[in-house]
Amino acid sequence: MSSLYLEHFRLAEPPFGITPNGRFFFEGQERGAILDALQHAVLDEDGIIVVVGEVGSGKTMLSRMLAERLPREQVDLVYLANPSFGPREILLSLIADWGLKAPSEGQSPVLTIQEALLERHAQGRRAVALIDEAQAMQPESLEEIKLLSNLETAQQKLLQIVLFGQPELDDLLAQPRLRQVRDRVVHRFELQPLAGPDAAAYIEHRLRRAGWQGGALFEPRALRRLIDASGGRIRAIHQLADKALLAAFAQGARQVSAEHVRLAGEDIRGGARRPARPAAARWRRPLAWLALALAGAGAAGALGYGLGRRAEPAPVALPAEPPAATPPAQAPGPLPERVSASVAVPPPSGAPGAAPGAVSQRYAALAPALREAVLRTRAVFDDPTQEFWTLRIGIASNAEGAQRLLVLARQSQEPVWVHERAHPSGNADAPPVWAVYVGRHTDRAQAGQSLEQWPAPLKAYKPLAYSLSGLRAQPYPERLPS
């Protein structure tokens, strides 16, 4: 909804978006110094590094900035956004993201990683793993990470590991069984909430970066009220500031007042208290808010406290895996499908020796749109002449969940791929999972630029970029008959 007020306030882009954007990185309150220290530690020291901060304190932005700063000509980087998998799944995720060949049954994933790291070390490269939401990791997974941190040559470690997590990460590492992991931590950084002056500077910084060229857009009383209500947490600042700007726009105001901030706060608190409503009602409310907002100042009396909640996609969980510590917000039911032109699907190669008819028969029971997307994906992903980067928006544990993600993905107006693949555990008896990807880009940087333009619901699961060559290493759930 924040795009509604851009023209009103002469802004080039939303100043308080929910997706980390390196252009908006704020170096105040030692955040720039912490980033410099992290970069130095990753490149020049050995051991595990821990970054701790409360929910919404800016950890993900810091991890993305660190990833951008690391020299790609020297560093092979992998970023894990959801580390709540078991030990083997963590290792297989690293193998897949590095584009390594999956280990055969009975072969140790650690051995596969070690061989690859030794080869890259011989080429003068350094391997780095950034793990976000690390407080959600299972103790057994952290112990597996400890084993990876043991891999070394006579001069240095082969893998540098950085854990980003909430304060619960400290409690997890304090467990007696994880003492050896804790002993390998060489640096610990803590992100504090923004203090009053820093919070005010942060808001001004975001507005200027977004194109604001006037005087103080927030009245002094409005700014104080917003900072007090947010507690200095960056995510809370974004929510309040965005809704306050929307309230000011709806009333035709050119400056945000304390009353606008009050309305924003009451809408956020009211949304937290409201019981769940039917999916259709949740989708109608933002449309009603849009109609009121476009009516301008005359709509102010009818607005009351309703600033409109953003609709977000429903989480698509994998039952075989434990849930993340902080699951995405609940969301409406399936979006209405768009009517699209029929796309000719070339015969996919499938597994070795598979006949196109066998592939088609395998997916015969799927909904037509999903079947078309799956067949098109197999045809492209299995073609060794094709190579590009794409963004994964989510993983579903069944075809119904994949269909929901597919409908959501079409909001991007970019090519959509649905990749059926074996379960990350490598267990042949585990049901397959369905990964949904969006976009076709020449490199990782272009994929990131595309991501910045996406609507908020598409970013709910922290999309990650993958190369086609890396995805080819992820096997299909079973070999098709020849």
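User: Which residues of α3 meet Pro109, Val110, Thr112 and Ile113 in α4?

Analyst: The model considered here is predicted. In it, the α4 side of this contact is formed by Pro109, Val110, Thr112 and Ile113. By class, the contact of α3 with α4 has six nonpolar, one polar and one charged residues. The residues contributed by α3 are Arg88, Leu91, Leu94 and Ile95.

User: Are α3 and α4 roughly parallel or roughly antiparallel?

Analyst: Helix α3 spans residues 87-97 and helix α4 spans residues 109-122, and their axes lie 9 Å apart at an angle of about 30 degrees. Angles under 35 degrees count as roughly parallel. That angle therefore makes α3 and α4 roughly parallel.

User: Is the crossing of α3 and α4 left-handed or right-handed?

Analyst: The two helices pack with their axes 9 Å apart. The sense of the crossing of α3 and α4 is left-handed.

User: Which residues of α5 does α3 meet?

Analyst: Helix α5 covers residues 139-150, and its axis is 8 Å from that of α3, at an angle of about 45 degrees. This makes α3 oblique to α5. The contact comprises six nonpolar, one polar and two charged residues. From α3 come Pro87, Ile90, Leu91 and Leu94, and the residues they meet in α5 are Glu140, Ser141, Glu144, Ile145 and Leu148.

User: How are α8 and α9 oriented to each other, roughly perpendicular or roughly parallel?

Analyst: The axes of helix α8 (residues 196-209) and helix α9 (residues 220-230) come within 10 Å and cross at roughly 110 degrees. The crossing is right-handed. Angles of 65 to 115 degrees count as roughly perpendicular. The relation of α8 and α9 is therefore roughly perpendicular.

User: How many charged residues does the contact of α8 with α9 have?

Analyst: On the α8 side, the contact is made by Gly196, Ala199, Ala200 and Ile203, and on the α9 side by Leu223, Leu226 and Ile227. By class, six of these residues are nonpolar and one is polar. The number of charged residues is none.

User: How many residues of the lining of the second largest cavity are charged?

Analyst: The lining of this cavity consists of Asp76, Leu117, Arg120, His121, Arg125, Arg126, Ala127, Gln156, Lys157 and Leu158. Three of the lining residues are nonpolar and two are polar. The number that are charged is five.

User: Where is arginine 254 placed, and what separates its C-alpha atom from that of histidine 8?

Analyst: Arginine 254 lies in the loop between α10 (234-250) and α11 (258-273). Leaving aside neighbours within four places in sequence, arginine 254 is in contact with His8, Phe9, Arg10 and Leu217. Histidine 8 is 246 residues from arginine 254 along the chain, and their C-alpha atoms are separated by 7.9 Å.

Key
Residues numbered from 1 in each chain as written. Predicted model: local features only at pLDDT ≥ 70, side-chain atom pairs only at ≥ 80, totals over all residues. Heavy atoms only, no water. Axes fitted to C-alpha atoms, helices over the stretch in contact; angles between N-to-C directions. Helix = DSSP H or I, 4+ residues; strand = E, 2+ residues; numbered from the N terminus. Parallel < 35°, antiparallel > 145°, perpendicular 65-115°, else oblique. Left-handed = near helix turned anticlockwise from the far one by under 90°. Contact = heavy atoms within 4.5 Å. Nonpolar A, V, L, I, M, F, W, Y, C, P; charged D, E, K, R; others polar. 1 Å grid on protein atoms, 1.4 Å probe; cavity = no way out; pocket = protein on both sides within 12 Å on 5 of 7 lines; lining within 4 Å.
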